[in-house]
Structure formats: structure tokens, C-alpha cells
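Look at the structure first, then read the points below.

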Amino acid sequence: MSDASKAVKGLKERLADGTEDRLGKALTDLLENPVLTGVVGAAFDARERAAQAQEVAMGAFNIPSAADIERLTRRLRSVSQRLEGIEDGVYRLDRALSGRGVDARLSAIEDQLGALASKLVKAPRPAARPAAKAAGKARPAAKAKTTVKAKPAAKAKPASKAKSAAKAKPAAKARPKKA
């Protein structure tokens, strides 16, 4: 580089550094000036009052304000998101309940039932229980009758129900257990 270009570059840097410092100092002085801050504050207050007056006037003519439109926009977004969630749920239900989905599930259940039925047919039947084990688990008939006889005659109807219930219980226990 030549000496002239170095001198121009040096001068630009000095002016830029000096200008930035001067500008910063001038802005600081302006912002610290109470008259200027008072004028800016009054301008913002006037703007706020004008906005309130505009909102009142628009309300009188039944015209929505910007705040009303903003609230409506937020509410509409909320409803839209909820609707999308409902649509997703309906889509999942539709997909789950579609004809081929139900048919596939039913055929799988039928296959499993067929396999279980074939296992039951092939499996040997369990032998009858020994009399000692069956006698230990069944209620003796004499005990049921003694409780019925001990009741007073005024409660004869419930006693007859107790007899039928006592007769039904041993029959239910006599069934063989299923595998």
C-alpha cells in the first residue's frame, strides 16, 4: 500500500472512533435531559389515551378493536387445535373399526378358539376324583337340614329358599374343573 492510502485509512479510523464516542455522549446527554424524557413520556401517554378513545368509539359503533380481534384469533386457534385432535381420534377409530381390521381380528380369534377346541378334544378326560377328596370338599346334607330345622316356623319361606340354595351348591362343586 502507498503512504496516501495508509493516511486515508488512518484518518477514517480516527474519525469513526471519534464519531462513535461523540454520538454516544450526545445520546447519553439527551436521554438524561429531564425535558426530553418528559416530552417522550407525554407522547406515549397521549398515544395510549388516543388508543383507548379509539377503542371506545369503535365499541360504540359495534366495530371490534384490535384487542378483540386478537382475542378472537387466539380462541379460534385453540378451537382449531382441539378440532384437529378430535379428527385424529376419529381417524384412529375409523382405522381400528374398518372392515378388514375387525375381520382380521375375528379370524384370529376363531383360529385360536379352533386350536383350543382341538386341544380339548385330543386331551384325555381327567379321572373322577377319589371319594375321600370329594367328601372332604362337599357339604354334608345332614348339616344343611339341621340348620333349616332350627329356624322358627315364622321364617318358613326363607328356609325353603335356603334348602334350594343348599342343594344347588353341592351340584355346582361336583362339576370337573376345566383346563
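A salt bridge is a side-chain nitrogen of Lys or Arg within 4 Å of a carboxyl oxygen of Asp or Glu. The model is predicted, so local features need pLDDT of at least 70 and side-chain atom pairs count only at pLDDT 80 or more, while totals for chains, interfaces and linings use all residues. Residues are numbered from 1 along each chain as its sequence is written, and side-chain values use heavy atoms, with hydrogens and water left out.

**Salt bridges**

- The whole structure holds 2 salt bridges.
- In one of them, Asp 68 pairs with Arg 71, and the closest N and O atoms are 2.2 Å apart.
- Asp 68 and Arg 71 lie 3 residues apart in helix H3, so about one helical turn separates them. (Helices are DSSP runs of H or I with at least four residues, numbered from the N terminus.)
- Arg 74 and Glu 70 also form a salt bridge, at 3.9 Å from N to O.
- Arg 74 and Glu 70 are 4 residues apart in helix H3, which again means about one helical turn.

**Exposure of the paired residues**

- Buried means under 20% relative accessible area, exposed means over 50%, and partly exposed is in between (1.4 Å probe, protein chains only).
- Asp 68 is partly exposed at 30%, and Arg 71 is partly exposed at 44%.
- Arg 74 is partly exposed at 47%, and Glu 70 is partly exposed at 41%.

- Leu 93 counts as exposed because its relative accessibility is 53%.

Terms used. Helices (H or I, at least four residues) and strands (E, at least two) are DSSP runs, numbered from the N terminus.
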